[in-house]
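This report describes selected local features of a single model. The sequence and coordinates are shown first.

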Amino acid sequence: MKASQFFISTLKEAPADAEVVSHQLMMRAGMIKRLGAGIYNYMPMGLRVIRKVEGIIRDEMSRGGAVELLMPIVQPAELWQETGRFDKMGPELMRVKDRHDRDFIIQPTSEEVVTDIARQELRSYKQLPKNFYHIQTKFRDERRPRFGIMRGREFTMKDAYSFDRSPEAAARSYETMFAAYKRIFDRFGLTYRAVAADTGAIGGDLSHEFQVIAQTGEDAIIYCPTSDYAANIELAEAVAPAAPRAEPTVAMAKTLTPGKSTCADVAAFLGLPMTKSLKSLVLATDRLDEQGNPAGSTVWLLLLRGDHEMNEVKVGKVPGLKDGFRFATLAEIDAHFGCKPGYLGPIGLKQPVKIIADRSVAAMSDFCCGANEEDYHLTGVNWGRDLPEPDLVVDIRNVVEGDPSPDGQGVLAIERGIEVGHVFYLGTKYSKTMNATFLDETGKPAFFEMGCYGIGVTRILGAAIEQNHDERGIIWPASIAPFQAVICPIGMDRSAEVKAAAEALYAELQAAGVDVLLDDRGERPGAMFADWELVGVPQRIVISDRGLKAGTVEVQGRREAQATVMPLAEAASQVG
Ligand code: ATP
Ligand code: MG
Ligand code: MG
Ligand code: MG
């Protein structure tokens, strides 16, 4: 590819809404272009990376015995009504109507459609196991799309679905996919961890998330450095002993009595000055135990200030609220304020509270954003850049670094991750509700044992950049870089020798199968180098008159501090 033919559009500054480095760098490198909230154009430079990611995925899915098909983006609602997800899924599911007023959805995933295919096409146990996958556009109307394409509303996912005759066979399919995922993430050249995840209603231990390790990750992952134990925070907290910690709010839940403790008690406990405006404190949780303490691990502390008219009037009426303090469920608060369940609208959090929680930040922001996108005061560990300093910091973690690991093999460590893949044993959840059966060896109909396996194709780009960048730009792992090498001729328009040498090397590298770009734009060296450092091409070859006089060129890896001067004749083999 020649730069003059390709499309290159780099920026000096990232847009203000780009909070994380991957979003900033992808915008600056011209890889994506925003069209609407969580909706992006994949520009030519970014699309090349996406295609490489897809190529590796296709390769390894095929090695793992999965077969590719392509299911529609727009799907009839009937199938989704069969499983009940049309109603159950809530606002994340994009519903649309056609001209005849018939309901459709824009797929967030494809269990229904693939199960429909299976119940029609897979009739006998002899056709099993079967694993269908596609790489397709997804739409999820995320409450808070952010971080560029890491949490988009429209994004690309690889989703695979396995069909088996028995739970044992399904477990083998799961293992096969698990191994394929390891090969895929190894080939991407990313540092990742496969962590156990909750299987919810299905039970069993067959669900894992593949998490790319990154400081800015929305997920917390818990692992034991001296054993194989690794789990996402939700699962780790679910199995953690209920013992309260000495300091954090979990202890507060034990010390203070719901419905009895006063606002002043809470303030004293927290070491807060009891100001006039601090009228009420509500600890909100999604579940209460029989004693009225928050069950589970997520506790939201709401400070409702007296200067907020609505609160002053209404808080006093919260049942059991004495002098402004009690534990309440989110549902109770919703009901109290007369808003839709899950809405939590008019609470109007006016007091910023920093909550330290390893619980998914997304879960917390889901709650906070209920108020109003502008009024986003409550946040998890990603304390917003432009928010005022919190008046109060509360630690509500249930699992902390140094806790004994559940397998008794050491102590726990915590790191942050970005969920890039998820493998899940579904059992007969979908086959039963959709009556999808095959004939077993005895000729009797049996429900398919299913598994589903997702990879966030477009999210991989963001995750790779979070892990691989420096102050000059992106550092793509070679396997997914938009170009493997760039030839930078200096003074190509002036020097016939430079032009000839650049074009000869370009032809040689192309012939050798190297994905090479020749920068024939005639940019000044500084601007040219800055562009390719920003874009993150792994290898750069500089050809100049001065070098050619000595028969040499300069080759520099993106991570190297200095170029290596080498004979022109050796450059191709060095890069290839
Ligand atoms: P998250 O917890 O980040 O919301 P999820 O658990 O809802 O993700 P899955 O249903 O497991 O996502 O989908 C499979 C994969 O699709 C995820 O592991 C992730 O890599 C990717 N993915 C999910 N939501 C998005 C999104 N909004 N933007 C980009 N990729 C996404
Ligand atoms: Mg999600
Ligand atoms: Mg998730
Ligand atoms: Mg998931």
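Does Gly-462 count as buried or exposed? With 28 C-beta neighbours inside 10 Å, Gly-462 counts as buried; the term requires 20 or more other C-beta atoms within 10 Å of a residue's own, against 12 or fewer for exposed and partly exposed in between, with C-beta atoms placed from the backbone.

## Basis of the description

The model is predicted, and local features need pLDDT of at least 70, side-chain atom pairs count only at pLDDT 80 or more, and totals for chains, interfaces and linings use all residues. Residues are numbered from 1 along each chain as its sequence is written, while chains are lettered from A and ligands numbered from 1 in the order in which they are written.

## Gly-462 and helix α14

Gly-462 is found in helix α14; helices (H or I, at least four residues) and strands (E, at least two) are DSSP runs numbered from the N terminus. In α14, 11 of 11 residues are buried, among them Arg-459, Leu-461 and Glu-466.

Beyond its neighbours within four places in sequence, Gly-462 is in contact (C-beta atoms, placed from the backbone, within 7 Å) with Ser-22, His-23, Phe-147, Gly-148, Ile-149 and Met-150. The C-alpha atoms of Gly-462 and His-23 are separated by 6.9 Å, although the two residues lie 439 residues apart along the chain.

## Helix α1

Ser-22 and His-23 are among the buried residues of α1. This helix spans residues 21–28 and is mostly covered, with 8 of its 8 residues buried. The elements covering the buried residues of α1 include α14, α2 (44–63) and α16 (525–535), together with strands such as β1 (32–36). Just after α1, Gly-30 takes a positive phi of about 70°.

## The shell around ligand 1

The largest share, 4 residues, comes from β19. Of the 15 residues around the ligand, Phe-155, His-422, Gly-454, Gly-456 and Arg-459 come nearest; a residue is near if its C-beta atom, placed from the backbone, lies within 6 Å of the molecule.

The shell divides into 4 nonpolar, 6 polar and 5 charged residues. Here Ala, Val, Leu, Ile, Met, Phe, Trp, Tyr, Cys and Pro count as nonpolar, Asp, Glu, Lys and Arg as charged, and the others, Gly among them, as polar.

## Pairing of β19 and β10

Strands β10 and β19 run antiparallel and are joined by 7 bridges; pairing requires at least two bridges found by DSSP. His-208 has Val-423 of β19 as its bridge partner. Strand β10 also pairs with β9 (residues 192–196) in the antiparallel sense, over 5 bridges. Because 6 of the 7 residues of β10 (residues 207–213) are buried, this strand is largely enclosed by the rest of the structure.

Key: Contact = placed C-beta atoms within 7 Å.
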